[in-house]
Amino acid sequence: FRTIEAMANVVENLGKLERRVTISLPKDSVQKEIDSRIRQLAKNVRMPGFRPGKVPLKMVTQQYAGQVEAEVLSDKVGKQFFDISREENLRVAGQPSFSPKDGAADDTYAFDATFEVYPEVKLGDLASAEVERAVTQISEAEVDRTLEILRKQRVHYHARGEAGEHGDGGEDLSAKSGDRVTVDFVGKLEGVAFEGGSAEDFAFVLGEGRMLPEFEQAATGLKVGEAREFDLKFPDDYHGKDVAGKTAQFTITMKKIEWPHLPEVDAEFAKSLGIADGDLVKMRAEIKDNLEREAKRRTQSLVKNQVMDALLKVAELEVPKALIEQDQLRLVEMARQDLTQRGVPNAANAPIPAEMFKEQAERRVKLGLVLAELVKENGLEAKPEQIRAEVEEFAKSYEDPKEVIRWYYSNKQRLSEMEAYVVESNVVEFVLGKAKVTDKEVSFEALASASAQA
């Protein structure tokens, strides 16, 4: 029969990735380490009735022997497992689990270490992958649309019917889409007012969709001082559970109507956008540059997602469960941090089940393994000059690019994030050079919509 010592370096194959190895430790060497640590501990330990360092060794041993034994075994088992994994060239995925082994000799501690190893990754044939690449051209019409959005962001309101430097809003004094209206309203269910169903001097902009459609329709067309009664059916999924799915009777009274005035696209407007001399040509050119930069970012993001999907389709590998579980716990912690930032009470201890992140974690781990193999096989690591070029490109959209560049290079964490981005870009370019790529013209508006859904 083999002794436990002889078995120490025998790695058992328990499945595709799961392995087991037996670790043995002579009890006398473990005891020597325990005795040494207790003697060291006794020099500083405090107990009632004794000065520090004067507690009898026997009493220290009685109180701390179990704790020290556990620490020594943990250290020695961990070190021996590390030595074995290095000697056997094991690429251990995650943390091993240790359990006492039955049948050990009286003079030996024995433990089974069960663990997973990293899988072999077969990248597959990238020539069979299909990728649709969005191509977006920024036209003058896109610049005009952006200018209109910028004008709306700078809207200001004037009382309808009152003359001012921008006019009086026209002869029609009734509320229209785009107007900011101030109303009083009272809502009742079967004749009884309900919580949250009434307000005074409540302001909103018609047409923005902030209010339910029936409410906006009732306000539209009213003049100051006029009132209207109407029924409003709350949606079944309305956030107010007490009224969800029910029909309430409302009375709305118009108190103020203000029409929107958008600023003219002139030198002052250009200056408000950061064009110091108010040059409109420069303003349009800068807007176009920003749109092209944004379009590039969005198209790169969309094509990156397609490339990652393509890689996962052609690659073959088993995914270590230990790595998936680790990533699930990391995602749970991220979710708790997000809730904390939103001000949710007791978010740090929120009962978030790790199982809800299993699919996401499995994809992330699998993709990470595939990317690591692809980068290693094809030399796609980020070069210093590539990282610098990306930092400089990113910095262009800020008022002081040099300060942004300094900000990146002053922090290793930020720079490593940019390095990861460059590696992803290298991977995308490499895959696009191998895969079947189809270019598709997409408007900026459609591109923005697709990016939001991705």
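Reader: In which sense do strand 7 and strand 8 pair, and over how many bridges?

Author: Strands of a sheet pair through backbone hydrogen bonds, either parallel or antiparallel. Two strands are taken to pair if DSSP finds at least two bridges between them. Helices (H or I, at least four residues) and strands (E, at least two) are themselves DSSP runs, numbered from the N terminus. In the present case, strand 7 and strand 8 (residues 192–205) are antiparallel and share eight bridges. Thr182, for example, has Ala203 of strand 8 as its bridge partner. Two residues lie between the strands of this hairpin, where Glu190 takes a positive phi near 55°.

Reader: On what kind of model does this rest?

Author: This is a predicted model, in which local features need pLDDT of at least 70 and side-chain atom pairs count only at pLDDT 80 or more, while totals for chains, interfaces and linings use all residues. Residues are numbered from 1 along each chain as its sequence is written, and side-chain values use heavy atoms, with hydrogens and water left out.

Reader: How many residues of strand 7 are buried?

Author: A residue is buried under 20% relative accessible area, exposed over 50%, and partly exposed in between (1.4 Å probe, protein chains only). Seven of the 10 residues of strand 7 are buried, so the strand is largely enclosed by the rest of the structure.

Reader: In what order do the four strands of the open sheet run?

Author: The order is 1-2-4-3, and the pairing is antiparallel. Strand 1 (11–13) and strand 3 (92–100) are the edge strands, each pairing on one side only. On average, neighbouring strands are turned by 25° against each other, direction ignored. Strand 3 is joined to strand 4 (residues 108–117) by six bridges, and Phe98 has Ala113 of strand 4 as its bridge partner.

Reader: What does helix 2 touch where it packs on the sheet?

Author: Such packing is described with axes, which are lines fitted to C-alpha atoms, for helices over the stretch in contact; angles run from 0 to 180 degrees between N-to-C directions. Helix 2 (residues 27–42) touches strand 2 (18–26) and strand 4, and its direction makes about 70° with that of strand 2. Helix 8 also packs on the sheet, touching strand 3 and strand 4, at about 100° to the direction of strand 3.

Reader: Which residues touch the most other members of the largest nonpolar core?

Author: A nonpolar core is a set of buried Ala, Val, Leu, Ile, Met, Phe, Trp, Tyr and Cys residues joined through side-chain atoms within 4.5 Å. The largest has 38 residues, of which Leu126, Val307, Leu311, Val370, Leu374, Val427 and Val431 touch the most other members. Two or more residues come from each of helix 7 (280–314), helix 8 (321–341), helix 9 (358–378) and helix 12. Helix 9 gives the most, with eight residues. A second, separate core has 25 residues, including Ile34, Ile38, Met47 and Val72.

Reader: Which residues of helix 11 are buried?

Author: In helix 11 (residues 401–409), Val404, Ile405 and Tyr408 are buried. They cover an arc of only 100° around the axis, which puts them on the same side of the helix; the arc is that of the directions from the helix axis to the C-beta atoms. Among what covers these residues are helix 10 (384–395) and helix 12 (412–434).

Reader: How far apart in space are Ser425 and Lys304?

Author: Ser425 belongs to helix 12 and is partly exposed, with a relative accessible area of 25%. Ser425 and Lys304 are 121 residues apart in sequence and 7.9 Å apart in space, C-alpha to C-alpha.

Methods:
Contact = heavy atoms within 4.5 Å.
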